[in-house]
Amino acid sequence: MTTTAEVARWIADARSVVALTGAGISTESGIPDFRGPDGVWTRDPRAERLSNIGYYVADPRIRREAWQRRADHPAWSARANPGHRALVDLERAGRLDVLVTQNIDGLHLAAGTSMARLIEIHGTIRETACLTCGDRRPMRETLQRVRDGDPDPACLGCGGILKSATISFGQNLDPGLLARAESAAARADVLLAVGTSLSVYPVARLPELTLAGGGRVVILNAEPTPLDASGHAVLAGRAGEVLPALVDAVVTRMRGTRPGVHVASRPTVEP
Ligand code: APR
């Protein structure tokens, strides 16, 4: 079995490292995942309909329920955890080129990940988007309208249907973001998949692109994933524990081979 020390050597020696995160990196911040043992959809399969654009557009009841869930979303009170901060330390050690996240909670930015290196491939809950004119506004403005009594707020510009600026099933990903993520994965020496079931395409294809490009795939997850057999290493466990230990090992190795590497943990910046 590949050890954390061996994975740390791969990362320390790599020309290009990409991290791919999923809902599992945010569960230790109090945000449930979707398909894990306590996942939102594991517990309530009907909830998946709220993430399907067809139902959302057709049924005002689905929209009203979606707006209530947005207003009550745990992301508003969540704080970045040691897993998010470990990826900031990896970036600051010069060992993380691109962070692709499927998460919409904004916690990587809150932890200090650079905007330039972050690809929020499934969008963000922190903005709204109009499905007709594309108008984007801060989510907090529209949530105030919901709290003031509007159960299904329409676009202030054109009257169109509003939703969070996230990608629902049935919607296409931003082609530019997807191209950036695929290009980074294809040229990565190491792709580190953290807290994702690797079950939703096209993002789940990124590790395959790394393998096809001759890179290594490392899977860090609390449960088995469909790609475990084809990955070069599987680090089983909680991201908030395994990631900091892995990044410490990377920095220690770099200090040994490249004196002067310094990683100063910055306090978490709240959104
Ligand atoms: N540490 C490591 N892994 C964890 C932790 C943790 N603390 N908590 C949960 N996990 C694992 C779960 O076991 C699961 O395998 O993280 C994985 C999360 O998988 P999903 O719930 O499927 O989330 P994700 O992979 O991000 O889903 C991808 O699907 O629902 C859509 O758009 C949504 O972006 C999401 C996409």
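What follows is a friendly conversation about charged side chains in this predicted model.

Biologist: Which side chain of opposite charge is nearest to Asp 228?
Modeller: Asp 228 is buried and yet has no salt bridge. A salt bridge needs a nitrogen and an oxygen within 4 Å. The nearest side chain of opposite charge is 15 Å away, and it belongs to Arg 35.

Biologist: With which side chain does Asp 228 make a polar contact?
Modeller: Beyond its neighbours within four places in sequence, Asp 228 is in contact with Ile 219 and Val 234. The polar contact joins two side chains at 2.6 Å, and the partner of Asp 228 is Thr 225.

Biologist: Now for the charged pairs. How many salt bridges does the count come to?
Modeller: The rule asks for a side-chain nitrogen of Lys or Arg within 4 Å of a carboxyl oxygen of Asp or Glu. Counted that way, the number of salt bridges is 14.

Biologist: Arg 15 takes part in one of them. Which residue does Arg 15 meet in a salt bridge?
Modeller: The N to O distance in this pair is 2.7 Å, and the partner is Asp 189. The pair links distant parts of the chain, 174 residues apart. Arg 15 is in the loop between helix 1 (4-13) and strand 1 (17-21), while the loop between helix 8 (175-187) and strand 7 (190-194) holds its partner, Asp 189.

Biologist: Is Asp 189 buried or exposed?
Modeller: Buried means under 20% relative accessible area. Arg 15, at 68%, is exposed. With a relative accessible area of 18%, Asp 189 is buried.

Biologist: What is the distance between the closest N and O atoms of Asp 135 and Arg 137?
Modeller: Asp 135 is partly exposed at 24%, and Arg 137 is partly exposed at 29%. They form a salt bridge, and the closest N and O atoms are apart by 2.6 Å.

Biologist: Which residues are joined into one network?
Modeller: Here salt bridges share partners. The residues they join are Glu 28, Arg 238 and Glu 241.

Note on methods
Residues numbered from 1 in each chain as written. Predicted model: local features only at pLDDT ≥ 70, side-chain atom pairs only at ≥ 80, totals over all residues. Heavy atoms only, no water. Buried < 20%, exposed > 50% of the residue type's maximum accessible area, 1.4 Å probe, protein only. Lys, Arg positive; Asp, Glu negative; His and termini not counted. Polar contact = N/O pair within 3.5 Å; in protein donor to acceptor, adjacent residues only side chain to side chain. Contact = heavy atoms within 4.5 Å. Helix = DSSP H or I, 4+ residues; strand = E, 2+ residues; numbered from the N terminus.
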